[in-house]
Structure formats: structure tokens, C-alpha cells
Amino acid sequence: MGRAYQNRKDSMAKTAAAKTKVYSKYGREIYVCAKSGGPDPDSNLSLRGLIDRAKKDQVPAHVIEKAIEKAQGGAGEDFSPARYEGFGPGNCMAIVDCLTDNPNRTFGDVRLAFTKTKCKIGTQGSVSHMFDHCAIFGFRGDDEEAALEALMMADVDVTDIEHEDGMITVFAPHTEYAKARQALQEAFEGLEFEVDEIQFLPQTTTTIEGDDIGLFEKFMDMLNDLDDVQNVYHNAVIADVQEQ
């Protein structure tokens, strides 16, 4: 596959205010995952993976526990997923994933980020067909054949597997996330994932140059500042350096 992919660690918050926003996004996602699939990480494998990612991103335990307790209580906000697509600065493609309790507000906020940076929000499916929705796992190791065998034995539909510089990277359809994660953990004792993500991987890239670079940075900042926005995926390459 050989395609660069985004990693939440690369956009880790650097200020207290930004860290609080990251915690809030994780708390919301954990709440929705626990409410829809059950609050027990042992039976809700997607929740277990999400909790592990939150811990790696240094989300405090009380934030995680509070979100799960809220889901167990059955009360609280009624969040639902919303996805918006469009064309960003330099005609790059962007997908914006949200969790919202007010779709009209969220759409207005996301649309404003597009229009304020001379971009165009599109209809559902306008750009997502140019991305692959993948589960990605990266871990230290050298036996990619053992990893592939474990995944095949678990009936995981593996898209690709790479081995480079002592790192094994597995790509699978996003729907296979929980099954693939469990199969790898069972195959390799004490396994720790360095990458554990569900991402939209672009099939092509768009180079952003000149004045569009500043607009792109503003575009991303406006979207990431929105409480309802969980993740932003794009195919932009800035100054010949892949945006991670």
C-alpha cells in the first residue's frame, strides 16, 4: 500500500485548553460507543480499543470513567454521527466526521469553515469515494507471516500488510477493526500497538502551494476548534511534505 496515514498522536494538543478539547472529544466518542455497544470493554471490543487509544493520548482516567458511567445511566446527550464532505483550499478533498446533538448547528458551523476559507462543501459521497475507510494497526515485530496467518485464521479480510524498519503495519476494512485487533492481540503476547486507528486513506493526493497553504491551515484550525468535530481527513500535501 505504501501510503502515508494520519495519526492522532501527530496532532496532540500542546496547550491546556487544547488538551481539554481533546479530552472532550474522546469523552464524547467513548460515551457514544459505550451507549451503542455496551459499557463493558470485555464484550464491546470497539470500546476497548477506544479506551486504549485514549489512554495513549494521555486522557485522564476520570474522563473515561465519567463517559462510561453516563452511558450506563442511560441519560445524557443524544449524540449522533454526522459526516460532511467537500473541497478545501487548493481543491484538496476533505472529510469531516462529527458527533452532534444538534445537526443543524453542526452543519452550519462546518459549512462556515468551508466558506470562510473559499472552499466548497459537497454532498454525501462527493469525495469519500476517493478514500479507503481502513482499520490500521502498527506494532513492533518482524514476523509478518505470523501476523497474516493469525488474521486469516480469524477470518479477517486483510487489505494489506507491510513490514518496514521493524514495524508491521496491517490494513483492513474499518468494519473488521474489532476482529482484527483481537486476533493480533491473541497471536502476540503482550502486544502494544503504536498505531491503532480507523482512518480514511486518500487514494490520491493534492499538493497545496502558495496562498492556499495559509488558507488550508486556517481551514483545519477552524474545523478542529469545533466541539462537534471528531476527526478531519484530507488528501493535502503541503510543500512536498505529507500532512500526517
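Reader: Where is the place of Asp155?

Author: Asp155 sits in the loop between helix H5 (144-153) and strand S5 (160-164); helices (H or I, at least four residues) and strands (E, at least two) are DSSP runs, numbered from the N terminus. Before we go on, note that this is a predicted model, in which local features need pLDDT of at least 70 and side-chain atom pairs count only at pLDDT 80 or more, while totals for chains, interfaces and linings use all residues. Residues are numbered from 1 along each chain as its sequence is written, and side-chain values use heavy atoms, with hydrogens and water left out.

Asp155 has a phi near 60 degrees, a positive value in a residue other than glycine. Most residues other than glycine have a negative phi. Because its relative accessibility is 60%, Asp155 counts as exposed (over 50% relative accessible area; buried is under 20%, and partly exposed lies in between, with a 1.4 Å probe and protein chains only). Asn91 is found in the loop between S1 and S2, and its relative accessibility of 55% is why Asn91 counts as exposed.

Two packed helices are described by the angle between their axes and the distance between the axes. H5 packs with helix H6 (residues 177-187) at an angle of about 125 degrees, and their axes are 9 Å apart. Here axes are lines fitted to C-alpha atoms, for helices over the stretch in contact, and angles run from 0 to 180 degrees between N-to-C directions. H5 and H6 are therefore oblique to each other (under 35 degrees is roughly parallel, over 145 roughly antiparallel, 65 to 115 roughly perpendicular, and the rest oblique). In this pair, Ala147, Ala150 and Leu151 of H5 meet Ala180, Ala183, Leu184 and Ala187 of H6, where contact means heavy atoms within 4.5 Å. By class, that contact has seven nonpolar, no polar and no charged residues (Ala, Val, Leu, Ile, Met, Phe, Trp, Tyr, Cys and Pro count as nonpolar, Asp, Glu, Lys and Arg as charged, and the others, Gly among them, as polar).

For another helix pair, look at H4 and H7. Their axes come within 9 Å and cross at roughly 170 degrees, so H4 and H7 are roughly antiparallel to each other. Val110, Leu112, Ala113, Phe114 and Lys116 of H4 make the contact with Lys218, Phe219, Met222 and Leu223 of H7. By class, the H4 and H7 contact has seven nonpolar, no polar and two charged residues.

That brings us to the largest nonpolar core, with 21 residues, in which Val96, Val110 and Leu223 touch the most other members. Such a core is a set of buried Ala, Val, Leu, Ile, Met, Phe, Trp, Tyr and Cys residues joined through side-chain atoms within 4.5 Å. H7 gives the largest share of this core, four residues. Leaving aside residues up to four places away in sequence, Val96 touches several residues, including Tyr84, Val110, Phe114 and Leu223. A second, separate core has 19 residues, among them Phe139, Val156, Val170 and Ala183.
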